[in-house]
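Subject: Structure for you to look at

Hello,

Here is the structure I promised to pass on. Please open it alongside this email.

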Amino acid sequence: MKLIIKSIAFIALLHIVSCGKKEEPAPSLSAPLALNPSGITQNSFLAKWVRVSNAESYLLDVSANRDFSSFVDGYQSLAVNGVDHEVMDLEANTAYHYRLRAKSSSAESSNSNVVSLTTLIPEGIPLKDAAKNFYIGNIVQSNRLTGKHQEILGSEFSSISAEYEMKMNIMYPNEGAYNWTAADAIVNFAHDNGLNMHGHALIWHNATPDWVENYAGTDAEFEAMIEDYIKTVVDRYKDKVSSWDVVNEAILDGSGDYRNSVFYQRMGKDYITKCFQWAREADPDVVLFYNDYSICSDATKQSAIFTMIDELQNNSVPIDGLGYQLHISYNYPSRDDIVSAVNKSVDRNLKVHFSELDIRANPNNDLSSLTQSRSLAQKDKFKELAEIYSALPDDNKYALTLWGLKDDESWLLDFHGHIDWPLLYDASFNEKDAYYGFLEGLMKN
Ligand code: G3I
């Protein structure tokens, strides 16, 4: 009997001790602090974080989606130790996100903050190969078709436009007397170097020879002369020039009225219709553009241009596309305004040509040299423009053309009287930050 009582007492004692002894709670684990990665390459990065006390290991998540709706193979709750881990076998020029949790034998923390990064673009990818389903263009002059110009145009670009030598004042300087020398040299250069040739520009008030401005004949004779000019030029370069800016800058800034050019004065506003029809009659396959500037920044002009285009399309005039010159600045116009303006062409099934892109880094002339911060801001803008163009539907793509190769050759120098560093290469043909931003943007989609 005594033994039973003793046993009961002993069990009771054990129970009291066990109940009385406070269970040590599992040490709580705070969420780790994920740090910016280091050593980012085309295919890897070093994920980093701050050690969590009482953690025995960590669980690492890596995803290409900010919401972690999917995971990179092998990187879902991957058990890792220490305070960093090399994440590998990634895609180049791709955004990734990582987070992690602390773990012990009896606890797991909540998720850390999310850190995002983009892997580097593959080295040595030329611009033209980074572009998906569209040309990367630049401008040429007949006295710049050799040496470094030829090397870069041939390796990085897939299309060219004549900066000024395929305009009327150069090709048709005197009535009845064409001068094909420079235009032929440029068209032959395109052919010999496997480059697409964009024709710029058949009709432009700023490149009209004096004899046309002061044409002595009747309006009917004027119209016949313009028809003959357009058909002569388009026919000469048929199968060599794949597209033409048929009419350039016919709509006025601000008012959106038709520009009172000699063409408007002598032929009326139907001159635009007739020029497109004549170009089509001369070449059934050539892609025909209307080209203008400030389309993304001047709402009145933009509205007038699309009203004109709607009229042309409603009358079955053979207009294939719209050229957005895009002589812009590092901080203007906004991405939204550019996308909104471009979508108006997509809605009309038009080809979109970013036809004369340069991005002023010094629009207010507040810099005497290109600072790193302004260079990086310009890089971001070039990346933005390349992303916008790359995201177009394939049916609406044609070309993204830069208006100059290197900064010191830009027309802007004369036009604004100060350096704007507006292009992808510096005066010594070195690739700028802008070049890499542009390339990243092309690779994005
Ligand atoms: O190269 C000759 C040189 O040998 C000669 O001594 C000198 C003086 O006559 O002229 C030089 O050619 C000039 C050429 O630029 C190269 O600098 C032409 O006269 C001049 O008219 C030409 O200006 C061009 C302008 O259009 C007019 O055609 C610019 O380079 C060119 O960037 C500019 O481009 C226009 C687009 O076609 C339409 N959108 C706007 C854009 C900027 O204005």
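This is a predicted model: local features need pLDDT of at least 70, side-chain atom pairs count only at pLDDT 80 or more; totals for chains, interfaces and linings use all residues.

Strand S16

Start with S16, which covers residues 397–402. Six of its six residues are buried, so the strand is largely enclosed by the rest of the structure.

S16 pairs with two strands that I would look at in turn. Strand S8, residues 135–140, pairs with S16 in the parallel sense. Three bridges link S8 and S16. To find the spot, go to tyrosine 135, which sits opposite alanine 399 of S16.

Strand S15, residues 351–360, also runs parallel to S16 in its pairing, over four bridges. Here phenylalanine 354 has leucine 400 of S16 as its bridge partner.

Helix H12

S15 and S16 also belong to a right-handed β-α-β unit, with helix H12 (residues 372–390) as its helix. Look at arginine 374, which lies in H12. Is arginine 374 buried or exposed? Its relative accessible area is 13%. The cut-off for buried is under 20%, so arginine 374 counts as buried. Its side chain makes a polar contact of 2.7 Å with the side chain of aspartate 366.

Cavities

How many cavities of 30 Å³ or more does the structure hold? There are two.

The largest cavity has about 70 Å³ of space. Its lining is made up of Ile139, Val140, Gln141, Arg144, His149, Leu153, Glu163, Gly404, Leu405 and Glu409. S8 comes up again here: S8 and helix H3 (147–156) each give at least two residues to this lining. By type, the lining residues of the largest cavity are four nonpolar, three polar and three charged.

The second largest cavity holds about 30 Å³. Around it are Ile203, Trp204, His205, Val247, Asn248, Glu249, Ala250, Arg259, Ser261 and Tyr271. Which elements give two or more residues to this lining? They are strand S10 (196–204) and strand S11 (243–248). The lining of the second largest cavity splits into five nonpolar, three polar and two charged residues.

Then move on to the lining of the largest cavity, where S8 supplies at least two residues.

Best wishes

Definitions and conventions:
Residues are numbered from 1 along each chain as its sequence is written. Side-chain values use heavy atoms; hydrogens and water are left out. Buried means under 20% relative accessible area, exposed over 50%, partly exposed in between (1.4 Å probe, protein chains only). Two strands pair if DSSP finds at least two bridges between them. A crossover is right-handed if, with the strands pointing away from the viewer, the path from the first strand over the helix to the second runs clockwise. On a 1 Å grid over the protein atoms alone, a cavity is a set of points where a 1.4 Å probe fits but cannot get out, and a pocket is an open set with protein on both sides within 12 Å along at least five of seven lines; lining residues have an atom within 4 Å of a point. Grid points are joined across faces, edges and corners, and a volume is the space filled by probe spheres set on the points. Ala, Val, Leu, Ile, Met, Phe, Trp, Tyr, Cys and Pro count as nonpolar, Asp, Glu, Lys and Arg as charged, and the others, Gly among them, as polar. A polar contact is a pair of N or O atoms within 3.5 Å; within protein, one must be able to donate a hydrogen and the other to accept it, and residues adjacent in sequence count only if both atoms are side-chain atoms.
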